[in-house]
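Hi,

Here is the structure I promised to pass on.

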Amino acid sequence: YYVSISNADRDPSLKYTATVYNGIDTSAFTFCAKPKDYLLFFGRIHPEKGTLAAIQVAKQCGKKLLLAGLVQDTRYFETYIKPQLDNEHVIYLGNCGPEQRDELLGNARALLHLVNFDEPFGLSVAEAMCCGTPVIAFKRGAMPELIENAKTGFIVNTKEEAAASIEKLPGIDRSYCSQRAIRLFSGERMADDYIQVYNHILQQKIR
């Protein structure tokens, strides 16, 4: 009995019983109704995570960008990211613990999640929305499932579309964004969904 963490993360050769989204500890994230004026990249500093794309989008819009996360590809960081850092408009904060993560995600105007691969889920996407922070992401992998376009963020195809969507952020209801994320991506929701899967399997076995 196969269970996927998103509909996008399914192997066509397998038969799936259900999709159960990853759950997060929603109590670790604080809703923020009035964010500060910065954009955020939160994740591994690696080509597939779209760090450089986030910088390019922020610069195109003239917005401050904070970068937080582990440098997983040193060559990529030294060659493409470090030269962009100026400690004023593009700032790298290093790795962040839970408290700083909550503060950074909650106070951001938006999370830029411009990944270059078909990501099967994306915990930082759920975490940001739990704080009420909308997510701007490329239309790849599970992003169209996690993000309700124009409601909890924006699904885009290009960096130009990503930059244009930043002007639409005031139209996002951050409270709705948070409520939806808590409803869909809490640890409790994940546990309930797995219990339903187990009950379904047991009923089939009884028959």
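Predicted model: local features only at pLDDT ≥ 70, side-chain atom pairs only at ≥ 80, totals over all residues.

**Aromatic rings**

How many aromatic pairs does a search of the whole structure find? It comes up with 7. Two that I'd like to show you share Tyr-21. With Phe-121, Tyr-21 makes a tilted pair, at 6.1 Å from centre to centre and with 45 degrees between the planes. Tyr-21 sits in the loop between β2 (16-19) and β3 (39-42), while Phe-121 belongs to the loop between β6 (110-113) and α4 (123-130), so this pair ties together parts that are 100 residues apart in sequence. Tyr-21 and Phe-121 are both buried.

The other partner of Tyr-21 is Phe-185. Why does this pair count as edge-to-face? The ring centres of Tyr-21 and Phe-185 are 5.7 Å apart and the planes stand at 70 degrees, and planes over 60 degrees apart count as edge-to-face. Phe-185 is in helix α7 (residues 174-185) and Tyr-21 in the β2-β3 loop, so here the parts being tied together are 164 residues apart in sequence. Phe-185 is buried, as is Tyr-21.

**α4 and its surroundings**

Phe-185 also turns up in the contact between α4 and α7. The axes of these two helices are 7 Å apart, and the helices pack at an angle of about 130 degrees. That makes α4 oblique to α7. On the α4 side the contact involves Ala-126, Met-129 and Cys-130, and on the α7 side Cys-177, Ser-178, Ala-181, Ile-182 and Phe-185. Sorted by class, the α4-α7 contact holds 7 nonpolar residues, 1 polar and no charged.

Is α4 mostly covered or mostly open? Mostly covered: 7 of its 8 residues are buried. They are Ser-124, Val-125, Ala-126, Glu-127, Ala-128, Met-129 and Cys-130. What do these buried residues pack against? Besides α7, the list has β3, α3 (98-107), β6, β7 (135-138) and α5 (143-146).

**α1 and α2**

The other helix pair to look at is α1 (residues 51-61) with α2 (residues 74-81). Their axes come within 10 Å and cross at roughly 20 degrees. Angles under 35 degrees count as roughly parallel, and α1 and α2 are therefore roughly parallel to each other. The crossing of α1 past α2 is right-handed. Thr-51, Leu-52 and Ile-55 are the α1 residues in the contact, and they meet Tyr-76, Tyr-80 and Ile-81 of α2. This contact is made up of 5 nonpolar residues and 1 polar, with no charged ones.

**Around Val-20**

Val-3, in strand β1 (residues 2-4), is 17 residues from Val-20 in sequence, and the C-alpha atoms are 6.7 Å apart. Leaving out residues up to four places away in sequence, Val-3 touches Tyr-16, Ala-18, Val-20, Tyr-194 and Val-197. Val-3 has a relative accessibility of 29%, so it counts as partly exposed.

Asp-192, in helix α8 (residues 187-206), is 172 residues from Val-20 in sequence, yet the C-alpha to C-alpha distance is 9.5 Å. With 44% relative accessibility, Asp-192 also counts as partly exposed.

**Positive phi without glycine**

Asn-87 is not a glycine, but its phi is positive, about 60 degrees. You'll find Asn-87 in the loop between α2 and β5 (90-92), where it is exposed, with a relative accessible area of 66%.

Ala-150 has a positive phi as well, near 70 degrees. Its place is the loop between α5 and β8 (153-156). At 41% relative accessibility, Ala-150 counts as partly exposed.

Over to you!

Definitions and conventions:
Residues numbered from 1 in each chain as written. Heavy atoms only, no water. Axes fitted to C-alpha atoms, helices over the stretch in contact; angles between N-to-C directions. Helix = DSSP H or I, 4+ residues; strand = E, 2+ residues; numbered from the N terminus. Parallel < 35°, antiparallel > 145°, perpendicular 65-115°, else oblique. Left-handed = near helix turned anticlockwise from the far one by under 90°. Contact = heavy atoms within 4.5 Å. Nonpolar A, V, L, I, M, F, W, Y, C, P; charged D, E, K, R; others polar. Phe/Tyr/Trp six-rings, centres within 6.5 Å; stacked < 30°, edge-to-face > 60°. Buried < 20%, exposed > 50% of the residue type's maximum accessible area, 1.4 Å probe, protein only.
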